[in-house]
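Hi,

Here is the structure I said I would pass on. Have a look at it first, and then read on for my notes.

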Amino acid sequence: MSKELIRLSNCTMAFDGEVVLNNIELSINDKEFLTLLGPSGCGKTTTLRIIGGFQKPTVGDVFFDGVRINDVPPHKRSVNTVFQKYALFTHLDVFENIAFGLQMLKPAISKEEISSRVMEMLEIVSLKGFERREVSSLSGGQQQRVAIARALVLRPKVLLLDEPLGALDLRLRKDMQNELKRIQQTMDITFIYVTHDQEEALAMSDTVVVMDGGVIQQIGTPEDIYNEPKNAFVADFIGESNIVDGIMKRDGVVEIFGRSFKCLDGGFAPDEPVDVVIRPEDVDIVEVGEGMLTGTVTNITFKGMQYDIIVDFRGFKWLIQTTDLSPVGARIGIKIDPDGIHIMKKSHYSGMFGDYSSYSAEYDDIGDASIEAEEEPEDDL
Ligand code: ATP
């Protein structure tokens, strides 16, 4: 287990009295790939800027290796930043762009050392042979690699990356995600990455920090965040989710739409109202008579690997991903295994997410969708 390198303690940031970061507590380990993930305006960049030293928190402390660094300017922190707009020097070639920071170092380092460090970086970012190319002749992805090399050649302990792939097309973005992960592992340093793209966050990170409204909603591994979201916001932001009201009858049993379902969660008060998240891929389609619930298919979208179908359960529309085609209008039964049902505490996000009504064009035409077999005893579970 790596040791803690950076800690934000009780950090609050306000601009003109408006709080944009509220009491941030965050610990970042040495050599960790940590991603700040959230919608526009949630405070990701401000958090990054506080770590980089470009902004001082209104309240709270920043520690680096156990030392308080609130008053340490950016250039004295062992941190470097790569921005979405990489702002390379267009009058310099690739080699000169990467060497620039090294040439500014005090005390000065030898030409030989500069050359060997630049060549080493070109190798790491897969740009060997590009050293004399004009940066304007490079593709977007290659320019971004130069920007990364330029930041890494100074050997910071931490690289801050603010939406660095935002300007690239989808294919290149995916390639660069793999490249960045590889570069981070090769350099064996800490990456703190900002994105609003949940797939990117899940694919690259050791730790994901989900933010909304200036507040950290959840910190965890990609698997934790996806499988055990803390609230309806996280469940909705990280992938597709059906989120329905439930009542926790007792440990391991939740009531949804008046029917009891087995689940793996516990620790709630008897009859506590809860939010229940069910991922579209965790729902099995079965014959009507065999289903835990019965609904009507109102919409189908072919997605290549699977169909996305919208199913109406008494006016509440679920998204289900399936390889079996059920035509619009079909009555289907569904089954959900206990590990496909995840229980969350009610929060101020309850009721805001997780209903797919707007996906279905036929919504108004379906009047008779209903739940069947509601009276089955719990013993049948
Ligand atoms: P995006 O993904 O759009 O970049 P973000 O999550 O990075 O968003 P921030 O840039 O951290 O969000 O901004 C958080 C909030 O703080 C926003 O409402 C923003 O307008 C506000 N803000 C940021 N910097 C300043 C500033 N210098 N002065 C006033 N308000 C600011």
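Which helix gives the most to the shell around the ligand? That is helix α1, spanning residues 44–52, which puts 3 residues into the shell. Before you go further, bear in mind that this is a predicted model.

Now for the ligand's surroundings. Phe15, Val20 and Pro39 are there, along with the run Ser40, Gly41, Cys42, Gly43, Lys44, Thr45 and Thr46. Sorted by class, that shell is made up of 4 nonpolar, 5 polar and 1 charged residues.

Ser40 has a polar side-chain atom 2.6 Å from an oxygen atom of the ligand. For Lys44, an N or O atom in the side chain sits 2.9 Å from a ligand oxygen. Cys42 takes part through its backbone: a polar atom there is 3.1 Å from an oxygen atom of the ligand. As for cover, the ligand on its own has 630 Å² of accessible area, and the protein covers 57% of that.

Then there are the cysteines. How many disulfides does the count come to? The count is 0, going by a cut-off of 2.5 Å between cysteine sulfur atoms. Cys42 is in no disulfide, and the nearest cysteine sulfur, which belongs to Cys11, is 16 Å away.

Is Cys42 buried or exposed? Cys42 counts as buried because its relative accessibility is 2%, and the limit for buried is under 20%. Cys263 is buried too, with a relative accessible area of 6%.

Cheers

How values were computed:
Residues are numbered from 1 along each chain as its sequence is written. This is a predicted model: local features need pLDDT of at least 70, side-chain atom pairs count only at pLDDT 80 or more; totals for chains, interfaces and linings use all residues. Side-chain values use heavy atoms; hydrogens and water are left out. A residue is near a molecule or strand if one of its heavy atoms lies within 4 Å of it. A polar contact is a pair of N or O atoms within 3.5 Å; within protein, one must be able to donate a hydrogen and the other to accept it, and residues adjacent in sequence count only if both atoms are side-chain atoms. Accessible areas come from the Shrake-Rupley method with a 1.4 Å probe; for residues, only the protein chains shown count as cover. Helices (H or I, at least four residues) and strands (E, at least two) are DSSP runs, numbered from the N terminus. Ala, Val, Leu, Ile, Met, Phe, Trp, Tyr, Cys and Pro count as nonpolar, Asp, Glu, Lys and Arg as charged, and the others, Gly among them, as polar. Buried means under 20% relative accessible area, exposed over 50%, partly exposed in between (1.4 Å probe, protein chains only).
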